Number of protein chains: 2
Amino acid sequence: MSDEDSKIGTYHFVAEPFHVDFNGRLTMGVLGNHLLNCAGFHSTDRGFGMASLNEDNYTWVLSRLAIELDEMPYQYEEFTIQTWVENIYRLFTDRNFAIINKDGKKIGYARSVWAMINLATRKPADLLALHGGGIVDYICEEPCPIEKPSRIKVDTQEITSTLVAKYSDIDINGHVNSIRYIEHILDLFPLEMYKMKRIRRFEMAYVTESYYGDELSFIKQKVAEGEYHLEVKKNEQEVVCRSKVIFE
Amino acid sequence: MSDEDSKIGTYHFVAEPFHVDFNGRLTMGVLGNHLLNCAGFHSTDRGFGMASLNEDNYTWVLSRLAIELDEMPYQYEEFTIQTWVENIYRLFTDRNFAIINKDGKKIGYARSVWAMINLATRKPADLLALHGGGIVDYICEEPCPIEKPSRIKVDTQEITSTLVAKYSDIDINGHVNSIRYIEHILDLFPLEMYKMKRIRRFEMAYVTESYYGDELSFIKQKVAEGEYHLEVKKNEQEVVCRSKVIFE
């Protein structure tokens, strides 16, 4: 194993029956869940996971996620996710992923951007100071041939739908969980869309937290054929997150 | 390994961060998903799983599910599910489960009732004739000290809430998936309820299928302190499923 290989975490999965959509393909929400779990496994194994950070009163916060795929695993198929750290800046780190199908072929990639915050002050922490700067030892040269998360702009105020955040939306921190936004956003498209097309690229930009009982309003803007920009607001005011969905 | 032990399937899990609720406890929907997966693993390993049945034009249909627990696994905790076949009748089979915590203690049990149908005719199949009657060899004497699924009666017509079945509700068969009903039903209770109490027993009775675009209406009746009977109807007519939730 080369020095670079040892910096890559490799995790195995199977596309479970209740995790696939009506096409029999893994849903984007479940893939997102697996990616975030892999980020957790990889950082925990290297001593900077959520649990050890929480002890020191810090936590990771997901800021951006971009996923681009040639295909999604089919029901009961095995697949593999690899993850590694691409860059570490003072206030952000870039973590990338490869999604590998049952035959060992890379079928997609993902990019994520994370910050670390102090749980007491909610202020961002200096990543380069973490573990005496030891975190930079994990930077890995592995290529990730998809575009970085982009700036997402929504130019309309027209609300497509609304919902109130419920029990099953809420995570252990009392926030609507990052995966639920993905599911709610993808529910804005009709089944016909998923019959004719598939999602080639999906992006999330997490802006602020929402809570139990918040009214979430969803704004969906078509910006090109198959390309949609979306915005989620809470209580008709503050932007909670934005998303970009490109079908092909 | 005794003859009875060899009939029990044992599967290991961990309570993932996006699979726990605001209390940090595994959600009932995720537990249900794991139970149904274990049923699939166990039957597939013994040659009567979904995949081999589908080849012969048959499929398993879940009719009842009852889960009773002393506690739920906490975030990041490992837990184990065991499953075995209790009985096989001509048209139904009883499959039971034990849920075992990280310390090896049994913290709960579940019971399920399944039928098999012919995919072409949608008619029930004779289980005792399956594989020349070989399925009865898997009947196991393991105890399951919780009550069988009960008859659930809802005496009101008052609708608590409605929703329209969306993309993320639909499974590979084009039906609203069994786990989504659990999530939607548990979303009928306010967060306050889950702060003060926990679910001791949860039951589902699946009656008929619903589809994309169906309007699902939810009727919730309080029948005793902490005990609720629920009914889900599609398009204000046909009963899709019923549920019983007992908080303590």
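Analyst: The domain assignment divides chain A into domain 1, residues 5-138, and domain 2, residues 159-247; such bounds come from an automatic or database domain assignment. The model is a predicted one, in which local features need pLDDT of at least 70 and side-chain atom pairs count only at pLDDT 80 or more, while totals for chains, interfaces and linings use all residues. Residues are numbered from 1 along each chain as its sequence is written, and chains are lettered from A and ligands numbered from 1 in the order in which they are written.

The C-alpha centres of the two domains of chain A are 20 Å apart. Contact joins 15 residues of domain 1 to 14 residues of domain 2 in chain A, two residues being in contact if their C-beta atoms, placed from the backbone, lie within 7 Å. On the domain 1 side, H1 and strand E2 (58-69) of chain A each supply at least two residues; helices (H or I, at least four residues) and strands (E, at least two) are DSSP runs, numbered from the N terminus. E2(A) gives the most to this side, with eight residues. By residue type, this side of domain 1 of chain A divides into seven nonpolar, five polar and three charged residues. Here Ala, Val, Leu, Ile, Met, Phe, Trp, Tyr, Cys and Pro count as nonpolar, Asp, Glu, Lys and Arg as charged, and the others, Gly among them, as polar.

H1 of chain A (residues 28-45) also packs with another helix of that chain, H3 (residues 178-186): their axes come within 9 Å and cross at roughly 160°. Axes are lines fitted to C-alpha atoms, for helices over the stretch in contact, and angles run from 0 to 180 degrees between N-to-C directions. H1(A) and H3(A) are therefore roughly antiparallel, since angles under 35 degrees count as roughly parallel, over 145 as roughly antiparallel, 65 to 115 as roughly perpendicular and the rest as oblique. On the H1(A) side the contact is made by Met28(A), Gly29(A), Gly32(A), Asn33(A) and Leu36(A), and on the H3(A) side by Ser178(A), Ile179(A), Ile182(A), Glu183(A) and Leu186(A). These residues comprise five nonpolar, four polar and one charged. In chain B, H1(B) and H3(B) pack at an angle of about 160°, with their axes 9 Å apart.

Between the chains, 32 residues of chain B are in contact with 32 residues of chain A. Helices H1 (28-45), H3 (178-186) and H4 (191-196) of chain B are the elements that give two or more residues to the chain B side. H1(B) gives the most, with five residues. The chain B side consists of 16 nonpolar, 10 polar and six charged residues. Because 100% of the interface residues of chain B are also interface residues in chain A, the copies meet through the same surface.

Two copies of a chain are related by a rotation about an axis and a shift along it. Chain B can be laid on chain A with an RMSD of 0.0 Å by a turn of 180° and a shift of 0.0 Å along the axis, which is the relation of a two-fold axis. The superposition is by least squares on the C-alpha atoms of residues with pLDDT of at least 70 in both copies. In chain B, the C-alpha nearest the axis belongs to Leu163(B), 5.1 Å from it.
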